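We will walk through it together, a few places at a time.

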Amino acid sequence: MGKATGFMEFERVGNSSVSPRERIKNFSEFKKQMNMEEREKQAARCMNCGVPFCQSGAVFGGMVSGCPLHNLIPEWNDEIYRQNTAEALSRLLKTNNFPEFTGRVCPALCEAACTCGINGEPVTVHDNELAIIEAGFEAGMMKPRIPALRSGKKVAVIGSGPAGLAVADMLNQRGHSVTVFEKDSRPGGLLMYGIPNMKLDKRAVERRISLMCDEGIIFKTDTNVGVDVTANEILSDFDAVVLCCGAKKPRKINAEGADAEGVVFAVDYLSDATKKVIGQTDDFHISAKDKNVVIIGGGDTGNDCVGTAIRQGCKSVVQLEMMAKLPDVRAENNPWPQWPRICKTDYGQEEAIAVFGKDPRLYQTTVSEIMKDENGRVCAVKTVKLHPVTDKKSGRTTMDPIEGSEEMLPCELLLIAAGFVGCEDYISEAFGIEKTERGNIKTAEDAFVTSNEKIFAAGDVRRGQSLVVWAISEGRKCASEVDRFLMDY
């Protein structure tokens, strides 16, 4: 423990941000790194607890709290405080393949379980992690790790999102020859196309991909396995196949008029915006400029749509959430170290408040009908309020419409950010493997192998839509299972 009284001497100070009014002028990252002297004080707040819940990744109250990667948080916080950047980086990379991604987009399950948070503010674990890896890159410490020996085994990884990259990285370091197949033009999957540039600068993704290429991993882009190349060709050319192709089938809405032009899935909208930002296309094919935008869905994806629509110059933006607003502070039945079920105002909502003077979220509300103009384009939506109804027999609660609560909202762009229902069908059909009732690739219990012993699955394609940190965790564990399959030990 670097400074025994650090948590009492120093107040929590997180990374600062560019003001909402200023940052909406571009798609650049808006979080600012503090200098290392101040960072050392933040690391000094770590208490080096006897039981560090921050790295537990355990289930409390039905939700995971603490890092799923079991990052050695007290150890690298201590090294930051002692100004041992190289040692801090070494400890961080033992458990996390890509801290530059989690340090930007992870919701910080670790901080929710920080002991400092019981009676005060948790340690800035999330910011500290990003500071370590960025300092490592800046100092030239992130060099290619080229395996001294090769096993002679070949592995195909289908999909280059966080799970696929983690699988590829781990298996490459074990000496296997890894080829990653990506259907889009650039590797990165969700990291490249699903997360807006203001949250995750694509140069950070490209920097990591370049390093992995130098380490011997082959990336084949614009190659849709199951379409451009058959599953049989993959199975005959490789000793093992790992499916990491995500859960990209979006949940549809049942409202009348859903076939109107201008009704767009959020994943397509965000992907299109990113392609313009990184110069892959000349302009936005789907733009919110001068339009009234309505977003169905209150999660991270919905928030990303809010931020993107504002940057494109929308006329107004409304975000519909089916559930009730969460409390602003922890409820008594939601104690530490459970994940805090509280209302969070994210960057997109902050920007909407700054631009339009109000929070864009309408709670317990959904769209019941989509209105079209004479050209078949969406021109308005009819919303309805919802209330919870619990079935006495099953105990299941549903959100049912309240009669007479309908309202009309102007809308020229309706974005559906209502989640996903599993992987795309052609993947499982091409490889002849089963899917679960939830639409995910079916694997053995508590394992990653499918009904075909040569085919494995990891990440969202196996567990359903989840966090980047969980995808990396799945990729690491899956790689270990694949390695045992290939080497018999």
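Let us begin with Glu-474, which counts as buried because its relative accessibility is 4% (buried means under 20% relative accessible area, exposed over 50% and partly exposed in between, with a 1.4 Å probe and protein chains only). Glu-474 has its place in helix H18, residues 468-487 (helices, H or I with at least four residues, and strands, E with at least two, are DSSP runs numbered from the N terminus). Leaving out residues up to four places away in sequence, Glu-474 touches Phe-448, Ala-458, Gly-459, Arg-462 and Arg-463, where contact means heavy atoms within 4.5 Å.

A word on what you are looking at: this is a predicted model, in which local features need pLDDT of at least 70 and side-chain atom pairs count only at pLDDT 80 or more, while totals for chains, interfaces and linings use all residues. Residues are numbered from 1 along each chain as its sequence is written, and side-chain values use heavy atoms, with hydrogens and water left out.

Now find helix H11, residues 202-214. Among the buried residues of H11 are Lys-202, Arg-208 and Met-212. The buried residues of H11 pack against several elements, including helix H8 (125-138), helix H9 (162-173) and H13. After H11 comes Gly-216, with a positive phi near 110°.

H13 itself covers residues 266-277 and reaches 16 Å from its first C-alpha to its last, close to the 16 Å expected. Buried in H13 are, among others, Tyr-269, Leu-270 and Asp-272. The partners of its buried residues include H11, strand S7 (263-265) and helix H14 (300-311). Just after H13, Gly-279 takes a positive phi of about 85°.

Which residues lie nearest the centre of the second largest pocket? They are Leu-93, Arg-145, Asp-169, Gln-173 and Arg-208, out of 14 lining residues. On a 1 Å grid over the protein atoms alone, a pocket is an open set of points with protein on both sides within 12 Å along at least five of seven lines, and lining residues have an atom within 4 Å of a point. H9 gives the most to this lining, with three residues.

Next, look for aromatic rings; the structure holds seven aromatic pairs. In one of them, the rings of Phe-30 and Tyr-347 have centres 5.5 Å apart and planes at 40°, so the pair is tilted (rings of Phe, Tyr and Trp, the last by its six-membered ring, pair if their centres lie within 6.5 Å; planes under 30 degrees apart count as stacked, over 60 as edge-to-face and the rest as tilted). This pair links distant parts of the chain, 317 residues apart. Phe-30 is buried at 6% relative accessible area, and Tyr-347 is buried at 5%.

Phe-53, Phe-60 and Trp-336 form one aromatic cluster. Trp-336 is joined to Pro-337 by a cis peptide bond, with omega about 5°.

We finish with Gln-364, which has a positive phi of about 50° although it is not a glycine. Gln-364 lies in the loop between strand S10 (361-363) and strand S11 (365-372), and at 23% relative accessibility it counts as partly exposed.

Note on methods: Expected span 1.5 Å × (residues − 1). 1 Å grid on protein atoms, 1.4 Å probe; cavity = no way out; pocket = protein on both sides within 12 Å on 5 of 7 lines; lining within 4 Å.
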